[in-house]
Amino acid sequence: MAANALLGVLAIALGTVTLRTGWVLPTARRHVTRPRFHGVGVLLIGASLLLQSLLHFEVLPSVSWEARFYGGNALLLGGMLLLLLGYVLPLRRTEPHTRPPGL
């Protein structure tokens with residue numbers, strides 16, 4: 001469970017860097033088309049891993065196993081969905097600004 005905490009902190013740091021600067025790890029850089037979705041997805045996955053380990057070591061107040069199970073899975077699956085969207089959505093290209101017709 002200590003590995004979960006370490007990976008969770010690492011994922012949160014990488015997600016924060018991606019959101020603030022747009023930088024993505026070199027192994028995923030070719031495939032990521034939406035860095036913001038990718039960054040939020042990594043943040044959610046990191047939060048899920050960190051919360052699981054904090055609850056396991058009883059650092060946080062005890063909650064029912066149902067809340068831990070469904071809450072952790074919701075964070076994990078939400079993060080995975082955002083990662084997937086960051087990979088499969090097409091690039092957003094900005095069109096050059098043109099003058100509206102009639103002006």
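Which residues does the UniProt annotation "transmembrane region" cover? According to that unreviewed entry, the annotation covers residues 6-25, 37-57 and 69-89. UniProt positions are given here in the numbering used for this model, feature names are shortened, and annotations may be inferred rather than shown by experiment.

## Before you start

This is a predicted model, where local features need pLDDT of at least 70 and side-chain atom pairs count only at pLDDT 80 or more, while totals for chains, interfaces and linings use all residues. Residues are numbered from 1 along each chain as its sequence is written, and side-chain values use heavy atoms, with hydrogens and water left out.

## The overall layout

Let's start with the big picture. The protein chain has three helices and zero strands, and reading along the sequence gives the pattern α-α-α. Helices (H or I, at least four residues) and strands (E, at least two) are DSSP runs, numbered from the N terminus.

Of the 103 residues in the protein chain, 23% are buried. Here, buried means under 20% relative accessible area, exposed means over 50%, and partly exposed is in between (1.4 Å probe, protein chains only). Now for contacts, which means heavy atoms within 4.5 Å. Among contacts in the protein chain with a separation of 6 or more, 77% are between residues 24 or more positions apart.

## Two of the annotated spans

Take residues 6-25 from the UniProt record. Over this span the chain is 80% helix and 0% strand, and its end C-alpha atoms are 18 Å apart. Residues 37-57 are 95% helix and 0% strand, with end C-alpha atoms 31 Å apart.

## How α1 meets α2

Helix α1 (residues 2-21) and α2 have axes that come within 7 Å and cross at roughly 160°. Axes are lines fitted to C-alpha atoms, for helices over the stretch in contact, and angles run from 0 to 180 degrees between N-to-C directions. The two helices, α1 and α2, are therefore roughly antiparallel to each other. As for the cut-offs, angles under 35 degrees count as roughly parallel, over 145 as roughly antiparallel, 65 to 115 as roughly perpendicular and the rest as oblique.

The crossing of α1 with α2 is left-handed. That term applies if the near helix is turned anticlockwise from the far one by less than a right angle, and a crossing is right-handed if clockwise. The residues in this contact of α1 with α2 divide into 14 nonpolar, 10 polar and one charged. For these classes, Ala, Val, Leu, Ile, Met, Phe, Trp, Tyr, Cys and Pro count as nonpolar, Asp, Glu, Lys and Arg as charged, and the others, Gly among them, as polar.

Gly8 sits in helix α1 and is buried, with a relative accessible area of 0%. Leaving aside neighbours within four places in sequence, Gly8 is in contact with Gly46, Leu49 and Leu50. Gly8 and Leu49 are 41 residues apart along the chain, yet their C-alpha atoms are separated by 4.9 Å.

Over in helix α2 you'll find Ser53, which counts as buried at 1% relative accessibility. Apart from neighbours within four places in sequence, Ser53 is in contact with Met1, Asn4 and Ala5.

## How α2 meets α3

The axes of helix α2 (residues 35-56) and helix α3 (residues 65-88) come within 7 Å and cross at roughly 160°. That makes α2 roughly antiparallel to α3. Their crossing, α2 with α3, is left-handed. Residues making the contact include Phe37, His38 and Gly41 of α2, and Arg68, Gly72 and Leu83 of α3. By class, the contact of α2 with α3 has 15 nonpolar, seven polar and one charged residues.

Leu83 lies in helix α3 and counts as buried at 17% relative accessibility. If you leave aside neighbours within four places in sequence, Leu83 is in contact with Phe37, His38, Gly41, Val42 and Ile45. Asn73 is also in helix α3, but Asn73 is partly exposed, with a relative accessible area of 28%. Asn73 and Ile45 are 28 residues apart in sequence and 9.5 Å apart in space, C-alpha to C-alpha.

## A residue in the loop

Is Glu58 buried or exposed? Glu58 is exposed, with a relative accessible area of 66%. You'll find Glu58 in the loop between α2 and α3. Glu58 has a positive phi of about 60° although it is not a glycine.
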